Amino acid sequence: MKVAIVGASGAVGQEFMRVLDEQNFPVDELVLFGSQRSAGRIFTFRGKDHVVKQLQHNDDFMGIDVAFVSAGAKTAVEFAGTITKHGTIMIDNSSAFRMDDDVPLVVPEVNGDDALDAPRHIIANPNCSTIIMVVALKPLDNISHIRNVQVATYQAASGAGLEAMQELALQQSEIACGKRDTTVKHFQHQLAYNVIPHIDVFADNDYTREEMKMVRETCKIMHSDIRVSATCVRVPVMRTHSEAVWIETERPISPDEARAALHLAPGVVVVDEPRSNTYPMPITCAHSDPVYVGRIRIDTSSDNGLTFWVVGDQIKKGAALNAVQIAQYMIAHGAFN
């Protein structure tokens, strides 16, 4: 296959290359695209150097089977027609098309078949926190329909991009050197030694756009009337998101029943031995493919409630890996024949 990565020099773009290699994805030819600032940079993939081309409105995507795009919503909207006009499948990591009726929003473990019906040749990769949560929700919803979800996220700096990760590292070094005023450019406040209950902009209902993404995207992915309430928090972790999740189901699900279903679920690893202090944490789950679930227990505030803790690498499963898995699902189902 001929594969393109748009936004190749960013954190997710770099992760795309690592994931394609790790997954042994069938890349016969790789083409890298970036902004004018990134054009000319050289990256190595499978022992061969690749020069980043400037993304332009031309015919550079002719013959490309799939383009993994992580260049922001504005760029995605501007260049979608250029990328797809010759039949290229565009798997977009931005929020630009996620809620469009004619664009599937896909997590392969949950709704992989939706990727097979993409009339605009665009498939949307969901929000990272939504991906991590729905992978854990799906096997439980299969047991008993989930009516309500409440979630509090603990989102790493990686969710805001490479420069945000660098800012967290800079703040930590500045504090270690005794500096009172740290560098703050990418977050609303200093993130080091702090938590910020504010990701993205606030909407009229006083939820942030990040929180409302989780509400709307979960319903679309799961084809469900599920009700979701989210509070999204940025924490001083470099990489890998965590979530505390409370669900209410139509009938009670015991923790043992939940563990059994999650053990069998694709893309899920159960790590749940609290008496030996064993549960998922960013420090142990970073750079890993699965979603990890632990602290599974009855919700003491609800007769039909269950609560658990979920951890997933935002750059891998929350971004690059999920997009590559979408393409793998399509290959397995003959979409590129």
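Arginine 46 is located in the loop that links strand E3 (42-45) to strand E4 (48-51), where helices (H or I, at least four residues) and strands (E, at least two) are DSSP runs numbered from the N terminus. In the hairpin of E3 and E4, which has two residues between the strands, this arginine adopts a positive phi near 50°. The two strands pair in the antiparallel sense over four bridges; pairing requires that DSSP finds at least two bridges between two strands. Within this pair, phenylalanine 43 faces histidine 50 in E4. With a relative accessible area of 37%, arginine 46 is partly exposed, the classes being buried (under 20% relative accessible area), exposed (over 50%) and partly exposed (in between), for a 1.4 Å probe and protein chains only.

The model is predicted: local features need pLDDT of at least 70 and side-chain atom pairs count only at pLDDT 80 or more, whereas totals for chains, interfaces and linings use all residues. Residues are numbered from 1 along each chain as its sequence is written, and side-chain values use heavy atoms, with hydrogens and water left out.

A positive phi, of about 55°, is also found at asparagine 24, which is not a glycine. Asparagine 24 belongs to the loop between helix H1 (11-22) and strand E2 (29-34). Its relative accessibility is 61%, so asparagine 24 counts as exposed.

The protein contains nine helices and 14 strands. Its radius of gyration, 20 Å, is close to the 20 Å that the globule rule gives for 337 residues, so the protein is as compact as a globular protein of that length; the radius is taken over C-alpha atoms, and the rule is 2.2 Å times the number of residues to the power 0.38. The C-alpha trace spans about 60 × 55 × 40 Å along its principal axes. Of the 337 residues, 53% are buried. Among contacts (heavy atoms within 4.5 Å) between residues at least 6 apart in sequence, 66% join residues at least 24 apart.

Six strands form an open sheet of mixed pairing, in the order E10-E9-E11-E14-E13-E12. Its edges are strand E10 (227-234) and strand E12 (268-270), each of which pairs on one side only. On average, neighbouring strands of this sheet are turned by 20° against each other, direction ignored; axes are lines fitted to C-alpha atoms, for helices over the stretch in contact, and angles run from 0 to 180 degrees between N-to-C directions. E12 runs parallel to strand E13 (residues 291-298), to which three bridges join it. Valine 269 has tyrosine 292 in E13 as its bridge partner. Helix H6 (residues 209-222) packs on the sheet and touches strand E9 (146-155), E10 and strand E11 (241-249); the direction of H6 makes about 145° with that of E10.

A helix pair is formed by helix H4 (residues 128-143) and helix H9 (residues 316-332), which pack at an angle of about 85° with their axes 8 Å apart. H4 is therefore roughly perpendicular to H9, a class that covers 65 to 115 degrees, with angles under 35 counted as roughly parallel, over 145 as roughly antiparallel and the rest as oblique. At this packing, Cys128, Ile131 and Val135 in H4 meet Lys317, Gly318 and Asn322 in H9.
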